[in-house]
Amino acid sequence: MDTFRFVHAADLHLDTPFTGLGEVAPRIATVLREASLVAFDRLVDLVLDRQAAFLLLAGDTYDGPSRGLRAQFRLHRGLTRLAEGGVATLMVHGNHDPVEEGWSAIERWPTAVTVFDAAEVGSVEVRREGRLLATVHGISYAHRVTRENLARRFRRPETTGVHIGLLHATVGDPPGHSRYAPASVDDLRAAGMDYWALGHVHRRQVLSRSPWVVYPGNLQGRSPKPSERDAKGAVVVEVRDRVIAEPEFVPCDLVRFVDLSLDVGELAGADLGSIVAGLQSAADEESRTADGRGLVVRARLVGRGSAHETLRRPGVIESLLRVLRDARTLPQRVDDPFIWWERLQDVTAPSWDRDTLSHRGDLVGRIITETDRVRSGQSSGSGVLDPLLGRLRAVLGSDMVDAVAASLDEEELWHQAERIAVEALLDAEQ
């Protein structure tokens, strides 16, 4: 059986300027400037370590048409390393680096590098020791705003072997991404490819397994947005006797963006020291799972408790943020682990007094009164159940409400329902 591997990466955005960040220490800024380039170096190491036959780059290799010199020279150096190791690279351009809207300082790529044109779908056979491993079909963007469904140009030829489509495109309707080269999974299936190596969507996902339709996500997170958080990297794909195995994700990122929440109502103490300790503990846990990577952390303080009154005082949140930053050592080298607290937000609410709320003549008061009657065996709770469920479905959503309502005959669950209901209704009043 003939076995080989290839690596699929996309959206390298080399030399990207990080966006959406607040104040950043100079040393952190230096690390961020290097992050996309270091991630690319790690990608090259991955390809060589796994003895991959070829590398696929599915668009947006550069961050913009300007294509900075650092990015171009770093890319050329990395792809030259691969070529010297006998590895082919096949790449397309996307909306950030369209063919007709950029410039190149590189006059000649290694012969093992294929950059697909924007005029039509090109096809390249990848061979090893004379044996055909796969045929890769790809097309680049000519211009940034490409609305044509480019997937419909692909057609599997009447040849044997594994056929791979390489395309920068929007499949479906992913949130937060412009609909460039829009296509559906059915469009991709119609082309007859065995594997679609896609780029453009930064969240890693497999859209289909027959054929394989894969977004590897971007190589390095670029901002605190949800699609840029968590581990970033590439996928390693093994092909054995023309059967494509489950793609293996391998992280390549240098810096990771993290979003944390700390419930002040669950802390043993209500003082600011307990809050700082709780935040640091949560960040340390994230750091332990990040394998020595730097973390840029956004944190929110949530929940109800006596700490709310202290946190709302002028300057307290800003001071807490400085305390968190001062407690951390800044990196000396770009690959030193660090934790940088980028933002701290207070969305806590005041604690509520049950006795006081029970005397309110609204739904909140009725819920508490009815809870007491249920717990004392005087009521089944049905008198307040219908209006309660109606309000809660509007606030919390039907799934959560129905799950709680299914067990309202049990005393403890009714008590928990009271807490959820009262806090939801009080939050809705704010």
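Q: Why is Ala-134 called buried?
A: In this predicted model, Ala-134 has a relative accessible area of 0%. Buried means under 20% relative accessible area, exposed over 50%, and partly exposed in between, with a 1.4 Å probe and protein chains only. Ala-134 is therefore classed as buried.

Q: Which residues does Ala-134 touch, not counting residues up to four places away in sequence?
A: Ala-134 lies in strand β6 (residues 131-138), and it touches Phe-4, Phe-54, Val-124, Glu-125, Val-126, Val-162 and Ile-164. Contact means heavy atoms within 4.5 Å. Helices (H or I, at least four residues) and strands (E, at least two) are DSSP runs, numbered from the N terminus.

Q: On what basis do these values rest?
A: The model is predicted: local features need pLDDT of at least 70, side-chain atom pairs count only at pLDDT 80 or more, and totals for chains, interfaces and linings use all residues. Residues are numbered from 1 along each chain as its sequence is written, and side-chain values use heavy atoms, with hydrogens and water left out.

Q: What makes β5 and β11 edge strands of their sheet?
A: The open sheet has six strands in the order β5-β6-β7-β10-β12-β11, with mixed pairing. Strands β5 (122-128) and β11 (205-209) each have a single partner strand, so one side of each has no neighbour in the sheet. Two strands pair if DSSP finds at least two bridges between them.

Q: How do you know that β7 and β10 are paired?
A: Strand β7 (residues 162-168) and strand β10 (residues 195-199) run parallel and are joined by five bridges. The definition asks for at least two bridges, and therefore the two strands count as paired. Leu-166 stands opposite Ala-197 in β10.

Q: What is the strand order of the open sheet of three strands?
A: The order is β16-β17-β18, and the pairing is parallel. The edge strands are β16 (255-263) and β18 (339-346), each of which pairs on one side only. Between β17 (residues 294-302) and β18 there are seven bridges in the parallel sense. In β18, Trp-340 is the bridge partner of Val-296. Helix α4 (residues 272-288) packs on this sheet and touches β16, β17 and β18.

Q: Which residues of helix α6 are buried?
A: In α6 (residues 316-326), the buried residues are Val-316, Ile-317, Leu-320, Leu-321, Leu-324 and Arg-325. The buried residues of α6 pack against α4, β17, α5 (307-311) and β18.

Q: Why is α1 called roughly parallel to α2?
A: Two packed helices are described by the angle between their axes and the distance between the axes. Helix α1 (residues 26-49) and helix α2 (residues 69-84) pack at an angle of about 10°, with their axes 10 Å apart. Axes are lines fitted to C-alpha atoms, for helices over the stretch in contact, and angles run from 0 to 180 degrees between N-to-C directions. Angles under 35 degrees count as roughly parallel, over 145 as roughly antiparallel, 65 to 115 as roughly perpendicular and the rest as oblique. The helices α1 and α2 are therefore roughly parallel.

Q: Is Gln-51 buried or exposed, and why?
A: Gln-51 has 63% relative accessibility and therefore counts as exposed. The place of Gln-51 is in the loop between α1 and β2 (54-58). Gln-51 has a positive phi of about 55°, although it is not a glycine.

Q: Is Asp-11 buried or exposed, and why?
A: The relative accessible area of Asp-11 is 0%, and therefore Asp-11 is buried. Asp-11 is placed in the loop between β1 (3-9) and α1. Asp-11 is not a glycine, yet it has a positive phi of about 55°. Most residues other than glycine have a negative phi.

Q: Why is Ser-227 called buried?
A: Its relative accessible area is 15%, so Ser-227 falls in the buried class. Ser-227 is in the loop between β12 (212-215) and β13 (233-240). Leaving aside neighbours within four places in sequence, Ser-227 is in contact with His-202, Arg-203, Asn-218 and Lys-232.
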